[in-house]
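Subject: Model for you to look at

Hello,

Here is the structure I said I would pass on. My notes follow below it.

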Amino acid sequence: QVAEWLAHPFDGFLGSTGPCAAAVRPRRGGAGRARGQQQQRAPSPAAEKSRATAPRRKRAKPGAADPPCTQALEELPWVERYRPESQNDLAVQKKKIEEVETWLKTHTFQRQPKQGGSVLLLTGPPGCGKTATLQILARDLGLQVQEWTNPLSLDFTKEDLRNMFGHDSNFHTFPSQAQAALFQDFLLRANKYNKLQMLGESSENDKKLILIEDIPNQFYRDPGSLHEILRSFVRKSRCPLVFIISDNFSGDSNQRSLFPTEIVEELCICNISFKPIAPTNMMKVLNRIAAAEASMNRENYTLDRTSLELLCRGCSGDIRSAINSLQFSSTKGCSLEKEFWSKKKKSSAIKCDETGVSKVRKKSKGDTSEDQDIQAIGGKDASIFLFHALGKIIYCKREAVSEAECPQLPAHLSGHRRDTLLIQPEEIVEKSHMSGSMFNLYLHQNYVDFFSDIDDVVRASDYLSTADVLCSNWSARLVMESYSASVATRGVIHSNTSRAFAHQQGGMGFRPLHKPQWFLINKKYQENCIAAKSLFSSFCLPPECLQTELLPYLAMLANPMRNQAQIAFIQDVGRLPLKRHFGR
């Protein structure tokens, strides 16, 4: 009755006259309770009239409107709607799943009582299933995942801001360091406190896993702070720690800066590297999603098998990008799908009508237009890992060409006859996402092992020298880098006469590729410059003059210095050793 009394005065405001609209109002003490008792004894005529004339609500039919959960599910992107629920749904290689599962079991259930913490590093290109694999395995093993997320905003007091922006401050305590402190505190709390044991629960269910995928930016500028935190974690922790880092294709990976080799060996960090999703596995996932959408009678544009294959090729092994492209291409209101797919089918029909050309030649001619079709779908920019790109240049695969199709060279140029390349060297360098001069460094380090004739090595080194001269002028280096890379790659390919024809491709076998020795030499040179400038600052000479002019002269004198550090540096840098065995 109190609800009935409160319902009428708020009818216009709430838009409802039923008792449910006012039932949420709390009862008030004192005078309100007394008024409620008065209304209990004598209800107002208006309230009786309102209760009598209010129409009853009709229940909605089951099919009249979709449940809210169904509508929310339909609004989700397909990546979230069709996320894998079991190991069978994963498109990752079974071997990688077994490696991660074995590591989790070993360091969670078979862990010794006084054993320290363990760290796992999952690496690989974006969209290869690293996070999905870990989450599914953690759920199957009953592990509680505690994930770190970088805070978007930090609360600072006026005193903190005054210290940060004061005249005497050097901005050393801005949010990045506060974020690193929060990260360290998170690891401490996640490792220290256990879950509350409820009645009937066993302690075996209290198995935790710490996941770090969003690394604070402070650690990229100062990896040493992360290394100190990890050392402390390994000594004191009781649960495993997993880092997930996505590689890029330029070779400048965050993994090398955050987890150098010495830290990996010191802390016994296990590294499991994922590979891009294979096209066959990606096709299975896309077919399953397309079939599920078709079974729901959605008004979407259904793609055929050829279109799905093109979409898989355009996503470079990124299954997340492939599912997003599939959703975009299947949208009914999208103006792209009709024009694009009709254009693709017309072009494919034209290709099939061509006669008088071999199948191999037809395939190579259609590569360019097919790549354009892939990009039209919305696929990722094609990328190639660095050593994969080097292998394509050094192995230089070719296709056989008949004498009728190949133009005949004059007799004095017959030694330059080659079969047609299956690659375009300029495209390979571009897809490696490296500068031309840096790619030439890797090529110069590794090309000798793939040559069998010394005359071929002489010609290849001549081309590499010419490519180096093209980039010698720093003012024109940015413009000439692409030409330099073209001269170097095509020169090395053309100079290798042992792989000039398609029938000579076999018998090479696997050859390991190495990092350029230039990196080590340049590092040593920079260290020598700093040391020379600090040890011989009284001579007021630039580091290069110190090492090339002054130090060789001082080395010829009889003990000109009394400082032991200067004497040791002169003996190391000022004299060329008579015997030194250079490694690779």
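In which loop is Cys268 found? Cys268 is in the loop between α15 (261–266) and β5 (270–273). Please bear in mind throughout that this is a predicted model.

I start with the backbone at two cysteines. Phi of Cys268 is near 55 degrees, a positive value in a residue that is not glycine. Cys540 also has a positive phi, of about 55 degrees, and is not a glycine either. Most residues other than glycine have a negative phi. Cys540 is found in the loop between α27 and α28. Cys268 counts as exposed because its relative accessible area, 63%, is over the 50% limit. Cys540 is exposed too, with a relative accessible area of 67%.

Now the chain as a whole. The protein chain has 584 residues, of which 34% count as buried, and its secondary structure comes to 29 helices and seven strands. It exposes about 36900 Å², and carbon and sulfur atoms supply 55% of that area. Among contacts with a separation of 6 or more, 74% are between residues 24 or more positions apart.

Next, the core. The largest nonpolar core has 39 residues, and the members that touch the most others are Val100, Leu104, Leu122, Leu134, Val242, Leu286 and Leu326. Elements giving two or more residues to this core include the helices α8 (94–108) and α9 (130–140), along with β1 (119–124), β3 (208–212) and β4 (241–246). Also on that list are α16 (279–295), α17 (305–314) and α18 (319–330). The most comes from α16, with five residues. Leaving out residues up to four places away in sequence, Leu134 touches Val100, Leu104, Leu122, Leu209, Leu211, Val242 and Ile244.

On aromatic rings, the count comes to 12 pairs. Tyr447 and Phe451 make an edge-to-face pair, 5.6 Å centre to centre, with 85 degrees between the planes. Both Tyr447 and Phe451 are buried. The rings of Phe536 and Phe569 have centres 6.2 Å apart and planes at 45 degrees, so this pair is tilted. Phe536 lies in the loop between α27 (518–535) and α28 (543–556), whereas Phe569 lies in helix α29 (residues 564–573), so the pair ties together parts that are 33 residues apart in sequence. Phe536 counts as buried at 1% relative accessibility, and Phe569 counts as buried at 8%. There is also one aromatic cluster formed by Trp148, Phe183, Phe186 and Phe219.

Last, helix α26 (residues 477–495), in which Leu478 lies. Leu478, Val479 and Tyr483 make a nonpolar surface patch of about 380 Å². Leu478 is exposed, with a relative accessible area of 78%. Apart from neighbours within four places in sequence, Ser486 is in contact with Glu426 and Gly491. The C-alpha atoms of Ser486 and Pro425 are separated by 6.9 Å, and the two residues are 61 residues apart along the chain.

Regards

Technical notes. Residues numbered from 1 in each chain as written. Predicted model: local features only at pLDDT ≥ 70, side-chain atom pairs only at ≥ 80, totals over all residues. Heavy atoms only, no water. Patch = residues over 30% accessible without salt bridge, like charges linked within 9 Å, V, L, I, M, F, W, Y side chains within 5 Å. Areas by Shrake-Rupley, 256 points an atom, 1.4 Å probe, with all protein chains shown as cover. Salt bridge = Lys/Arg side-chain N within 4 Å of Asp/Glu carboxyl O. Helix = DSSP H or I, 4+ residues; strand = E, 2+ residues; numbered from the N terminus. Buried < 20%, exposed > 50% of the residue type's maximum accessible area, 1.4 Å probe, protein only. Contact = heavy atoms within 4.5 Å. Core = buried A, V, L, I, M, F, W, Y, C linked by side-chain atoms within 4.5 Å. Phe/Tyr/Trp six-rings, centres within 6.5 Å; stacked < 30°, edge-to-face > 60°.
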